[in-house]
Amino acid sequence: MSDNIPSARGGDGMKKLGVLAGGGMVSVLAIFIFVFAIVRVDVPADKVLIATKLSGDDLAEGEFIALEEGQKGVSLIPFNEGIHWINPYSYRTEIVDSTIIKPGELGVLVRLFGEDLPGSRLVATPKLGAEVGAEHVYKGVLEDPLGPGKYNINTRAYRVERYRALTIPPGYVGVSINIGDDLAPPGVAKNPYVNDSKGFKGISPEIRQPGTYYLNPYLEQLVLYEIRAQRFDFTKTNKKDNSIDFQSSDAFTLNLEGTIEWSILPEKAPELLCRLGELQEIVWSFDQSSSGARRRRPPAQPARGRRRPAPQKKVQGMRLAETDLNVLVDKILIPYTRSFIRVLGAQFRASEYISGEKRTAIQAKFKENLKAECAKFGIQIRNVSITRISPPGKLKEIRNDRSLQQEQRNRIKQNIEKLKSDATLMKKQESIRKSQLMVDASTTAEKRRIRARQDRNVGMKKAESELEVAKINKSKAEVEKERYVIDEKALIDQNFKKEAASITALALEVTANGGGSNYIRSIFVKKLGFGLQDIVTNDDSFFMKIFEDVLNFRSNGVKDLKEEERLREAARKMLEKNTADANKSNKKDSKKEGSK
């Protein structure tokens with residue numbers, strides 16, 4: 001038994017170890033499940049997580065954002081999309097949508113926590129993201145608006161108000177009105193009409209050109225001014241009588257109608273806005289969804305928090321305004337137009353307005369005065385035209401009679417001028433016809449002269465070319481003649497020299513044979529003697545005695561054979577020398593002919 005006790009105790013220990021190991025695995029598995037199923041928080045795309053700490057120091061009364069470590073409340077900085085590990089016993093979480101500002105829109109942040117703004121201030125400080133560690137955090141509107149894009153904003157700490165971006169259309173300029181800060185102290189602003197010092201309330205001298213702007217509606221408003229050319233007609237119509245009555249120097253009442261073309265100088269728009277008086281008299285709300293401006297009630301407040309934003313036309317009325325140009329006409333153009341017309345009209349008699357000269361003078365003077373006065377308000381006068389001046393009844397009758405008489409005179413003058421012009425035209429036509437005939441005759445004669453000159457030049461060139469050919473042929477014939485003469489002369493000289501050499505050789509042979517008879521005899525013996533000797537060499541007959549002398553001469557001839565051969569060789573060399581001299585003479589004559 002004692003031997004089995006330790007064994008039994010060892011088996012119980014192993015069982016206990018197995019139980020502990022199994023319990024540890026269960027604990028690890030439970031921790032794993034706790035971490036991945038409870039502690040792990042997945043934040044989807046375009047979402048943010050707002051965490052609220054459940055333990056820590058209490059916040060001051062009315063506060064709910066925990067700016068310092070160790071405080072309980074809503075954490076200021078949200079968690080972005082992704083995986084986060086948050087203890088559910090220490091924090092309460094809330095997943096909300098990210099703030100997405102679409103193109104053409106902007107967002108205004110309103111801080112919902114912090115101290116109240118002192119005095120009349122509208123801008124809450126510090127800026128977004130600088131609250132932690134700041135000495136004072138004020139609630140209210142933040143200065144910088146949010147442009148198009150995605151922002152991870154804590155919607156428990158901030159409210160995002162959405163607005164459409166401001167678009168200034170072509171043909172307009174915008175005047176900015178700062179409404180967010182305090183007024184400038186006395187002496188700071190240099191311009192009495194606009195606020196040229198930044199950071200204070202008032203009309204800004206800066207002009208905004210056509211384009212899209214992202215402006216904070218709580219801090220800045222825009223007033224649009226149309227700078228395109230406008231037209232004002234001071235005429236008499238069925239609906240309204242804008243014509244001007246004035247008295248002449250002789251106390252007649254006349255009526256004047258005309259047209260003024262004008263526009264607003266862009267650089268003077270801020271000053272014009274200030275000098276025109278109260279804003280309510282000149283501002284209309286501007287609806288960008290329509291083609292023009294119209295009077296509207298003040299729009300409702302923009303959407304707050306996570307509510308759907310208000311439509312553009314209900315929001316833009318708070319921020320974008322367009323001036324009513326009729327106010328400019330009523331306050332500036334009409335009063336000054338009437339004043340100048342009446343002052344200038346009283347300087348002339350009524351009869352002088354019937355002619356167009358005085359009307360032109362009054363129009364030029366009126367334009368000059370009106371342009372100078374309206375320029376002070378930033379209005380440019382482009383053109384002034386007086387279309388009609390109506391005289392009183394009596395002057396009108398006189399004027400009508402004079403007009404009829406003048407029309408008759410003008411008609412007669414026109415007839416006379418027409419007859420003169422017709423006569424002048426006929427003369428011009430006849431002159432043109434004669435000129436055309438002369439031009440045609442001159443052209444024909446000139447063509448014939450040109451053709452004759454051309455034919456003459458062609459004939460001359462042809463005759464010259466034929467003459468040149470004849471000269472060349474003549475030169476060739478002369479050359480051929482000279483060459484023929486030279487060749488014949490050379491041939492004659494050659495034959496003469498050959499014959500002379502032959503004669504000289506013959507004379508030498510005759511001399512060598514001792515005379516002409518001996519020479520003939522030797523010729524005969526040579527041609528006959530040698531053959532006979534071969535025939536009758538050993539014959540002593542009578543016949544052989546007849547030819548004894550011949551045979552003897554052959555013997556003598558044989559003795560003188562060497563001398564004969566020498567003479568012949570001398571004659572041959574003389575002949576060759578004469579032939580060579582003749583050939584050289586012929587070559588020289590050929591060279592002379594070639595050079596020619």
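Reader: Is Cys-274 buried, partly exposed or exposed?
Author: Cys-274 counts as partly exposed, because its relative accessibility is 29%. Here buried means under 20% relative accessible area, exposed means over 50%, and partly exposed lies in between (1.4 Å probe, protein chains only). The model is predicted, so local features need pLDDT of at least 70 and side-chain atom pairs count only at pLDDT 80 or more, while totals for chains, interfaces and linings use all residues. Residues are numbered from 1 along each chain as its sequence is written, and side-chain values use heavy atoms, with hydrogens and water left out.
Reader: And what is the relative accessible area of Cys-374?
Author: The value for Cys-374 is 0%, so this residue is buried.
Reader: How many disulfides are found?
Author: The search of the whole structure finds zero disulfides, a disulfide being a pair of cysteine sulfur atoms within 2.5 Å.
Reader: Turning to salt bridges, how many are there?
Author: The whole structure holds 19 salt bridges. The criterion is a side-chain nitrogen of Lys or Arg within 4 Å of a carboxyl oxygen of Asp or Glu.
Reader: Which partners does Glu-446 have?
Author: Glu-446 meets Arg-449 in a salt bridge at 2.6 Å, N to O. Glu-446 also forms one with Arg-453, where the closest N and O atoms are 3.6 Å apart.
Reader: Where do Glu-446 and Arg-449 lie relative to each other?
Author: Both are in helix 6 (residues 393–512), and because they are three residues apart, about one helical turn separates them. Helices (H or I, at least four residues) and strands (E, at least two) are DSSP runs, numbered from the N terminus.
Reader: How exposed are these side chains' residues?
Author: Glu-446 is partly exposed at 32%. Arg-449 is partly exposed at 43%, and Arg-453 is partly exposed at 35%. Elsewhere, salt bridges with shared partners join Asp-46, Glu-81 and Lys-150 into one network.
Reader: What about Lys-139 and Asp-116?
Author: Their side chains meet in a salt bridge of 3.3 Å, N to O. Lys-139 and Asp-116 are 23 residues apart, both in the loop between strand 8 and strand 9. Lys-139 is partly exposed at 32% relative accessibility, whereas Asp-116 is exposed, with a relative accessible area of 56%.
Reader: How many bridges join strand 8 to strand 11?
Author: Seven bridges join strand 8 (residues 105–111) to strand 11.
Reader: Finally, what share of the chain is buried?
Author: Of its 596 residues, 29% count as buried. The secondary structure of the chain comes to 10 helices and 22 strands.

Technical notes: Pairing = 2+ DSSP bridges.
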